[in-house]
Amino acid sequence: TFLTPANGGSPITSYEYSITSGASWTNIGLPVNNTFTVSSLTNAVNYTFYIRARNIKGPSASSSGVLLDCLSAISSLILALSSLATSLALSVSCQS
């Protein structure tokens with residue numbers, strides 16, 4: 001479930017995720033049905049995902065990292081966004 005976090009008075013224009021501990025971010029726009037898919041992942045590799053919101057004022061603080069530990073073959077990853085109070089939270093699951 002996706003609940004829009006506090007936006008500081010400006011509408012959220014997009015969301016971004018990182019699997020590089022915040023060194024780089026990938027824009028995912030405004031995900032339909034509160035989920036998005038990340039493809040082209042390497043099988044049997046652990047990934048830690050972070051998410052943040054963006055508006056005209058810039059990016060929000062990122063969510064806490066969520067470790068994805070899929071040791072079986074995966075072709076993509078489905079991520080669901082949610083919000084607790086004003087903080088972003090992220091849940092991940094593998095898809096073969």
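Author: Helices (H or I, at least four residues) and strands (E, at least two) are DSSP runs, numbered from the N terminus. Here, Asn55 sits in strand β4 (residues 47-55). The model is predicted, so local features need pLDDT of at least 70 and side-chain atom pairs count only at pLDDT 80 or more, while totals for chains, interfaces and linings use all residues. Residues are numbered from 1 along each chain as its sequence is written, and side-chain values use heavy atoms, with hydrogens and water left out.

Reader: Is Asn55 buried or exposed?
Author: Buried means under 20% relative accessible area, exposed over 50%, and partly exposed in between (1.4 Å probe, protein chains only). Asn55 counts as buried because its relative accessibility is 12%.

Reader: Which residues is Asn55 in contact with, beyond its neighbours within four places in sequence?
Author: Contact means heavy atoms within 4.5 Å. By that rule, and with those neighbours set aside, Asn55 touches Asn7, Ser10, Pro11, Ile12 and Thr13. For Ser10, its backbone oxygen lies 3.1 Å from a polar atom of the Asn55 side chain.

Reader: What separates the C-alpha atoms of Asn55 and Ser14?
Author: A distance of 6.9 Å, although the two residues are 41 residues apart along the chain.

Conventions. Polar contact = N/O pair within 3.5 Å; in protein donor to acceptor, adjacent residues only side chain to side chain.
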